[in-house]
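Dear colleague,

Please find the structure below, followed by an account of what was found in it.

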Amino acid sequence: MAIIAGQGSNRQYVREEHNGQTVIRVIGTSKAENHAFVVMARHFHKLGLPVPEVYEVSEDEMEYTQEDLGDTLLYNYIENGRTTGEFSEDEKQMLNRTLRALAHLQVEGANGVNWSVCYPVPQFDRRSIQWDLNYFKYDFLKLNGTDFSEPNLEMDFERLANKLLTYACDVFMVRDCQSRNVMIKDGKPYFIDFQGGRRGPVFYDVASFLWQAKANFPQPLREELIDAYMDELHKIGYILPSRGTFRKILSHFVLFRQLQVLGAYGFRGLYERKKHFIESIPLALRNLRELFGLYSELQNDYPTLFALAEDMLHTCCLNEKEGANETSMKSQLTVTIYSFSFKKGIPEDTSGNGGGYVFDCRSTHNPGKYEQFKQLTGRDEAVVEFLEKDGEILTFLSHVRPLVEHHVERFMQRQFTHLQVAFGCTGGQHRSVYCAENIAKYLHEHYLVHVELIHRELGIKQVL
């Protein structure tokens, strides 16, 4: 059994063995959201569309198991192109296949689907548009301290909503269609995140996919992929406007999607201080500015948004030149993570904060009972493999991590300076060391906090 790390989602994913095969167990936080995914996944799978098969659902619908599609995200598959800006032919072909598969999921998936189960709303409508625009206003602009004219901004919002609602809502709209939510198995793309899907227009998912902040698609490649997508829609028999008209309509959806993701980056990054989302903000701002440059008519349609894009990108570039890097953006919170032996007592909190967690790892299988592991520690590969294959420690950590995450987020929001998390076992050598390493690495990768890792009984101290 192994925990699979997520990014923005509160759902937990665990790989485990069941009836001789590996499956993914999903632990959700919303019954309605889980229900939407399960119903739609079963509908799409029955139609032969590329989604994971759902196997079993718990009686309360808070957990379900689904097909294990492996470990290859499309985002990782195209890593060379993302980092260099030069996409290989193989990467381009996989992106082409993904856009063509999207066309089938949207059009064929809409046939006979039960729209009433969609979460949180069944259709792309004015109310859902307003939610996302307010997301941008309150969780990005206001959280970022950006100065703007609210009446003028609301006028742009009204014009944008009117434009988006001009087009037919007649396909399944995945909504969060981007390379992190597509998996590659046996050379075929599968869509894995559509629980927020609803009835909508064809344009939104293309805008979401091709203008993903960290995908780094050059404009010529976007144009190629738009053509491939339109070709596939024509093959299916879906009636489209001319290619030029399609692109003009698409530009309004790209603008809307960029505002929505900036709202998400603001909440997850500026508020929750999650690393991945803060890193994405400058990229999304550049996408926004590039869009206004490509489609100059948008500057006239939405003058306040255009001015904001110019100002925000200018400020972002100045910050980069002045050396505003990750270190300077870190919060004042330090998380000290201990491993220790209960025989030698619980570590003291020297910060003066007097709070935090002490987790007892002794309920899990102890590698120290076996001769081959006695001279090793929870940092050694053989011990790590033993613990993860056994699985008990992973179940233990699946309960620990949400507690620690919540505490970290609330402490950052309240501007606290210190949190201590300690893992104890019998000797402070195997299980507690593994757990401390695991949580320290997770916090370092996902939050802009200072992490101090101390293996007391091993005499090791490390600052991440």
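Strand β10 (residues 334–341) and strand β13 (residues 450–455) run parallel and are joined by six bridges. Strands here are DSSP runs of E with at least two residues, helices are runs of H or I with at least four residues, and both are numbered from the N terminus. Within this pair, Y338 stands opposite I454 in β13.

The model is a predicted one, in which local features need pLDDT of at least 70 and side-chain atom pairs count only at pLDDT 80 or more, whereas totals for chains, interfaces and linings use all residues. Residues are numbered from 1 along each chain as its sequence is written, and side-chain values use heavy atoms, with hydrogens and water left out.

Both strands belong to an open sheet of five strands, in the order β11-β12-β10-β13-β14, with mixed pairing; two strands pair if DSSP finds at least two bridges between them. At the edges stand β11 (357–360) and β14 (460–463), each with a single partner strand, so one side of each has no neighbour in the sheet. On average, neighbouring strands of this sheet are turned by 15° against each other, direction ignored. Helix α16 (residues 431–446) lies across β10, β12 (418–425) and β13, and runs at about 170° to β10. Such angles run from 0 to 180 degrees between N-to-C directions, and axes are lines fitted to C-alpha atoms, for helices over the stretch in contact.

The next topic is a pair of helices. Helix α4 (residues 89–109) packs against helix α8 (residues 219–236) at an angle of about 40°, and their axes are 9 Å apart. The two are therefore oblique to each other (under 35 degrees counts as roughly parallel, over 145 as roughly antiparallel, 65 to 115 as roughly perpendicular and the rest as oblique). Residues in the contact (heavy atoms within 4.5 Å) include L95, L99 and L102 of α4 and L221, L225 and A228 of α8.

Helix α7 (residues 203–210) is mostly covered, as eight of its eight residues are buried. Buried means under 20% relative accessible area, exposed over 50% and partly exposed in between, with a 1.4 Å probe and protein chains only. Among the elements that cover the buried residues of α7 are α4 and α8.

Finally, Q12 lies in strand β2 (residues 12–18) and is partly exposed, with a relative accessible area of 24%. Its C-alpha atom is separated by 9.9 Å from that of H399, 387 residues apart along the chain.
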